[in-house]
Amino acid sequence: MDKRDVEEFIEEMEEMGDVWQEEDVERVYGEYTLAEALADRKASIGIFGDIISKVLNR
């Protein structure tokens, strides 16, 4: 991703309450396209949310 993509990733994730720093985006998703990075992170958030829901509803 280029700098503009990193900034867009950060903005979109912040809207979901998922705060990222530029260095972290570059380290984790630097070789991804913006679309791939967003899809991967949103899927991870969904999985995490499902796990929390299951734990809380025991």
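Mentor: Of the 58 residues of the protein chain, 21% count as buried, where buried means a relative accessible area under 20%, exposed means over 50%, and partly exposed lies in between, with a 1.4 Å probe and protein chains only. This is a predicted model, in which local features need pLDDT of at least 70 and side-chain atom pairs count only at pLDDT 80 or more, while totals for chains, interfaces and linings use all residues. Residues are numbered from 1 along each chain as its sequence is written, and side-chain values use heavy atoms, with hydrogens and water left out.

Trainee: Why are α1 and α2 described as roughly perpendicular to each other?

Mentor: Their axes come within 10 Å and cross at roughly 105°, the axes being lines fitted to C-alpha atoms, for helices over the stretch in contact, with angles that run from 0 to 180 degrees between N-to-C directions. Angles under 35 degrees count as roughly parallel, over 145 as roughly antiparallel, 65 to 115 as roughly perpendicular and the rest as oblique, and α1 and α2 are therefore roughly perpendicular. On the α1 side the contact is made by Lys3, Val6, Glu7, Phe9 and Ile10, and on the α2 side by Glu22, Val25, Glu26 and Tyr29, where contact means heavy atoms within 4.5 Å. By class, these are five nonpolar, no polar and four charged residues, with Ala, Val, Leu, Ile, Met, Phe, Trp, Tyr, Cys and Pro taken as nonpolar, Asp, Glu, Lys and Arg as charged, and the others, Gly among them, as polar.

Trainee: Why is Val25 called buried?

Mentor: Val25, in helix α2, has a relative accessible area of 0%, so it falls on the buried side of the cut-off. Leaving aside neighbours within four places in sequence, Val25 is in contact with Met1, Val6, Phe9, Ile10, Trp20 and Gly30. The C-alpha atoms of Val25 and Ile10 are separated by 7.8 Å, although these residues are 15 residues apart along the chain.

Trainee: How do you know that the pair of Phe9 and Trp20 is edge-to-face?

Mentor: A search of the whole structure finds four aromatic pairs. The rings of Phe9 and Trp20 have their centres 5.3 Å apart and their planes at 85°, so this pair is edge-to-face. Phe9 lies in helix α1 and Trp20 in the loop between α1 and α2, 11 residues apart, and the pair links these distant parts of the chain. Rings of Phe, Tyr and Trp (its six-membered ring) pair if their centres lie within 6.5 Å, and planes under 30 degrees apart count as stacked, over 60 as edge-to-face and the rest as tilted. Phe9 is buried, with a relative accessible area of 0%, and Trp20 is buried, with 11%.

Trainee: Why is the pair of Tyr29 and Tyr32 given the label edge-to-face?

Mentor: Their ring centres are 5.1 Å apart and their planes stand at 85°, so the label edge-to-face applies. Tyr29 counts as buried at 3% relative accessibility, whereas Tyr32 is partly exposed at 34%. Ring pairs link Phe9, Trp20, Tyr29 and Tyr32 into a cluster.

Trainee: How do you know that the side chains of Asp18 and Trp20 make a polar contact?

Mentor: The distance for this pair is 2.9 Å, and a polar contact is a pair of N or O atoms within 3.5 Å; within protein, one must be able to donate a hydrogen and the other to accept it, and residues adjacent in sequence count only if both atoms are side-chain atoms. Asp18 sits in the loop between α1 (3-15) and α2 (22-29) and is buried, with a relative accessible area of 12%. Not counting residues up to four places away in sequence, Asp18 touches Met13, Arg41 and Ile45.

Definitions and conventions:
Helices (H or I, at least four residues) and strands (E, at least two) are DSSP runs, numbered from the N terminus.
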